[in-house]
Protein chains: 2
Amino acid sequence: MTELEKGPQGRRRGRGARERILTASQKLFRDQGINGTGMDQLCAAAEVSKRTLYQHFAGKDDLITEHLHRFDPDILPEVFDRTDLTPRERLLAVFDVHAPLCPFIQAAVEISDPSHPARTYARDYKKAFATRLADAAREAGADNPDRLGEQLALLLDGAAARTRVLGTDAFATAAEIATALIDAAIPATVRD
Amino acid sequence: MTELEKGPQGRRRGRGARERILTASQKLFRDQGINGTGMDQLCAAAEVSKRTLYQHFAGKDDLITEHLHRFDPDILPEVFDRTDLTPRERLLAVFDVHAPLCPFIQAAVEISDPSHPARTYARDYKKAFATRLADAAREAGADNPDRLGEQLALLLDGAAARTRVLGTDAFATAAEIATALIDAAIPATVRD
DNA sequence: GCGTAAGCACACTGAGCGGTGTACGTAGCA
DNA sequence: TGCTACGTACACCGCTCAGTGTGCTTACGC
């Protein structure tokens, strides 16, 4: 029986376990929560044996942290590196690229220990994101770009939290406010 | 041994168990999370026997829901019923009365099942709160008060979420944006 | 072709969880 | 004084969880 890659129901999926684990954790952590997802269930979803999982990750805490690191390349550059948009459009485009529940907020709420590596990383990421927004705001010619960056970051977090609680998308409202703030912060003479 | 009310370390605190349980749950759920707080620990903190707890609450789910209900009288009227403030001031005063981590957002994140009573209640509460804000906005003479209410609600949720993640208060930033939105929505002629 | 590294299967442990059963103590009211 | 409602003490159950031990199988590089 040499057949590998048996597909969904048959076990024995073979190499690339780490990737499958992180992919599965993205879905499960989002849908069921971090604490609500057991390692057994995660192994089943990733079609990976438990032993393999613990050879790739020191423990669940480690997995959570790596899980968060994963959003790094996904979210940050996707918008900010787009050269086909004007700086102002770039600031607004961020509101279209959103996760239904921001994984960093989720981690911050689900993990009570503030010194947990995942909490630390979430904090650093959020700061870095606000800085990126501020850079884009500066590029767009906003006066007080740091303030605008912080404001837009708050709007994004608000939309994520509110979407979670209400069950309906709140990013449109956030984008509306963002537009008003951006237009107020960018002098008409600089606007492109 | 007739001594009741022995104090912190001695057991046997006597009547008023329900109240003590809910008070303890407010602190523990906030500090350690809902899932991170065990019933045994909660009983110890409330100085209540486990048996008593389960005579007051059908189970942890019930306790969580009652825990949320508790914020009803605390948060909702405190600001909206103040007659010493102008309608505009009332809208802004909401940003001063904030919990470090909004318990409704916390419940929505920690409980994955969207049909859980606590989730339902959290959703209803958030809607009611936005409606209250809209009413106040209407009273203040805002055009499109429903929109302003929703916007302010989003700002509050954003500040709560961001405060949790960053560990530093974000309500000042939210209030700043709120001021701008309010002043833009209320015609100068109506302003008091 | 063979060694090695990666992965698999599965049983298992110890701890903590939510929740219960039982018997006892005590305060307040009639 | 004696009944009743509220609270206590503590052992206990079944379950789930994170994590481990052991032995086997498979794919890939030399």
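# Notebook: two chains and a few residues

I started with Asn144(B), which sits in the loop between helix H8 (117–139) and helix H9 (145–166) of chain B; helices here are DSSP runs of H or I with at least four residues, numbered from the N terminus. The model is a predicted one, so local features need pLDDT of at least 70 and side-chain atom pairs count only at pLDDT 80 or more, while totals for chains, interfaces and linings use all residues. Residues are numbered from 1 along each chain as its sequence is written, chains are lettered from A and ligands numbered from 1 in the order in which they are written, and side-chain values use heavy atoms, with hydrogens and water left out.

I looked up phi for Asn144(B) and got a positive value near 55 degrees, in a residue other than glycine. Most residues other than glycine have a negative phi. Asn144(B) counts as partly exposed because its relative accessibility is 45% (buried is under 20% relative accessible area, exposed over 50%, partly exposed in between, with a 1.4 Å probe and protein chains only). I also noted Glu47(B), not a glycine either, with a positive phi of about 50 degrees. Glu47(B) lies in the loop between helix H2 (39–46) and helix H3 (50–56) of chain B, and at 15% relative accessibility it counts as buried.

**Gln151(A).** Next I went to helix H9 (residues 145–166) of chain A, where Gln151(A) is placed. Gln151(A) is buried, because its relative accessibility is 6%. Leaving aside neighbours within four places in sequence, I found Gln151(A) in contact with Leu181(A), Thr173(B), Glu176(B) and Ile177(B); contact means heavy atoms within 4.5 Å.

**The chains together.** I counted 38 residues of chain B in contact with 37 residues of chain A. About 3,200 Å² is buried between the chains, 66% of it from carbon and sulfur atoms (buried area is the accessible area, 1.4 Å probe, that two parts lose on being put together, summed over both). Leu154(B), Arg162(B) and Val165(B) supply 23% of the area that chain B buries against chain A, more than any other three residues.

**Symmetry.** I then superposed chain B on chain A: a rotation of 180 degrees with 0.0 Å of shift along its axis does it, at RMSD 0.1 Å. Gly158(B) comes closest to the rotation axis of the residues of chain B, its C-alpha at 1.6 Å.

Key: Least-squares fit on C-alpha atoms with pLDDT ≥ 70 in both. Helix = DSSP H or I, 4+ residues; strand = E, 2+ residues; numbered from the N terminus.
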